[in-house]
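Biologist: Please show me the model. Then I will ask what lies behind each label.

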Amino acid sequence: MTAKEVIDYAKKNNAEIVDLKFMDFPGTWQHFSVPMSEMEEHLFEDGLGFDGSSIRGWQAINASDMLVVPDASTAMMDPFMQVPTISLICNIEDPMTRERYSRDPRNIALKAEAYLKSTGIGDTAYFGPEAEFFIFDDVRYDMGPNHAAYFVDSREGTWNTGRDEGPNLGHKPRHKEGYFPAPPADTLQDIRTEMMQLMEQVGIAMECHHHEVATAGQCEIDMRYESMVKCADNLMWFKYIVKNVARRHNKTATFMPKPIFEDNGSGMHVHQSIWKGGNPLFAGNGYAGFSEMGMHYIGGILKHARALAAFTSPTTNSFKRLVPGFEAPVNLAYSSRNRSAAVRIPMYSPSPKAKRLECRFPDPSANGYLAFSAMLMAGLDGIENKIDPGEPMDKNIYALGPEELANIPALPASLDEAMECLQEDHDFLLKGDVFTQDVVETWIEYKRENEINPLRLRPHPFEFYNYYDA
């Protein structure tokens, strides 16, 4: 839509409020709202000012003035507001230079798409994430100098089979047995349907929804692939809708990768492919029907995977999911059909248009704009340098012995290690000025100061269990 078309669309839908959304550095939507009287065509050129120093990981207070500039193509009626509200996703600009802000995650993704076109390799990168999440009935957490605690609960939780629920009706999925059970074990069918229908309402093409493997309300809703920036926009709407529909039903949804001990965590398997002139470039006559270009893209993903983890698995909690035994890939290998590999080539359809790779180590705590851009840059580096991914691993990697595993590289074991890997290996991200050196350094500094070091300093309840009687 053009600016004029957005204004007409807003009037047609009786909008009274304009909501301006943008992404902070770690990956959470921020917003503020203005009356419809501000909805004039110049808004899409001039933008509106805000305090960039109050946004995580952004400006210093002495250079805090920033602009949000709405992207007319993202206009959508917000499905949750009581007063009719039109929503616009915004880009961030410096008010003095009018240049796009280098730390704006959406700007990084736009630059990654531009870089792809500049290489001549392709004109469109398609991404399709499968974001898993939990829907809980209760969540409590607290910490202080002398205490730390968390508690999550779900009526579906297998630990509640003996609880007096007045009455307890049973049918609670056991650990690792939550994949595809029909109601009454799956109590969240109608809620997921409501979520999926609202996603369609805001323009996201959807594929399916289902209960996931873990007990206690783990779910998955799958959206159809889209061009990379559009897909990242859709992922933000996806999270927004999931959380707000859950709240409507007096429940709470989380994309935290590992909220439950001894059961599967939530991943975000990301399907990706490159096209040119309407033709898929990863279809070919090689292994699993892949082209040489597609294999080189996989080579780039595997070569840079340890650094990519800093963006695709960007929380300390992410690495509690990335452990053997819970269906999360730990070892850096590729295969067809094999879900124990870090990169899988799905074999559902023989159609060349369906040929893509699935990167399985990301999780939904990731900032989609940054994670997708980083994976695209790694894949393009693989294509440009013809990186050989080696031989496929068609065995169950989880069942390999120590001698075989010793020959397969592994993902980092912690967020701190992932930051070290990013520090050592990030030149591929700097091509085309997609990620700047400042962005990489700020990301590492932010994560260490705000997440890694504060966690390292805190006693853990398990340490009391192990060491109180030392």
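Modeller: Start with H171, which is exposed at a relative accessible area of 52%. Its place is in the loop between β9 and α4. This is a predicted model, where local features need pLDDT of at least 70, side-chain atom pairs count only at pLDDT 80 or more, and totals for chains, interfaces and linings use all residues. Residues are numbered from 1 along each chain as its sequence is written, and side-chain values use heavy atoms, with hydrogens and water left out.

Biologist: Why is H171 called exposed?

Modeller: Exposed means over 50% relative accessible area, buried under 20%, and partly exposed in between, with a 1.4 Å probe and protein chains only. H171 has 52%, so the label is exposed.

Biologist: What is the phi of H171?

Modeller: Near 55°, a positive value in a residue other than glycine. Most residues other than glycine have a negative phi.

Biologist: Where is K386, and what is its phi?

Modeller: K386 is in the loop between α9 and α10 (402-405). Its phi is near 50°, also positive and not in a glycine. K386 has 59% relative accessibility and therefore counts as exposed.

Biologist: Which peptide bond is cis at P167?

Modeller: The one joining G166 and P167, with omega about 0°. P167 is in the loop between β9 (147-153) and α4. The bond from P183 to P184 is cis as well, with omega near 15°. P184 is found in the loop between β9 and α4. Most peptide bonds are trans.

Biologist: What makes α5 roughly antiparallel to α9?

Modeller: The helices are DSSP runs of H or I, at least four residues, and strands are runs of E, at least two, numbered from the N terminus. The axes of α5 (residues 228-248) and α9 (residues 368-384) come within 9 Å and cross at roughly 150°. That makes α5 roughly antiparallel to α9. Angles under 35 degrees count as roughly parallel, over 145 as roughly antiparallel, 65 to 115 as roughly perpendicular and the rest as oblique. Axes are lines fitted to C-alpha atoms, for helices over the stretch in contact, and angles run from 0 to 180 degrees between N-to-C directions.

Biologist: Which residues of α5 and α9 make the contact?

Modeller: Contact means heavy atoms within 4.5 Å. From α5 come M228, V229, C231, A232, D233, L235 and M236; from α9 come G368, Y369, F372, S373 and L376. By class, there are 9 nonpolar, 2 polar and 1 charged residues. Ala, Val, Leu, Ile, Met, Phe, Trp, Tyr, Cys and Pro count as nonpolar, Asp, Glu, Lys and Arg as charged, and the others, Gly among them, as polar.

Biologist: Why are α4 and α5 called oblique?

Modeller: They pack at about 140°, with axes 9 Å apart. α4 and α5 are therefore oblique to each other. The contact is made by I191, E194, M195, L198 and M199 of α4 and F238, I241, V242, V245, A246 and R248 of α5. These divide into 9 nonpolar, no polar and 2 charged.

Biologist: How many residues are in the largest nonpolar core?

Modeller: It has 125 residues, and M39, F127, M195, F372 and F435 have the most contacts inside it. The largest share, 13 residues, comes from α5. Such a core is a set of buried Ala, Val, Leu, Ile, Met, Phe, Trp, Tyr and Cys residues joined through side-chain atoms within 4.5 Å.
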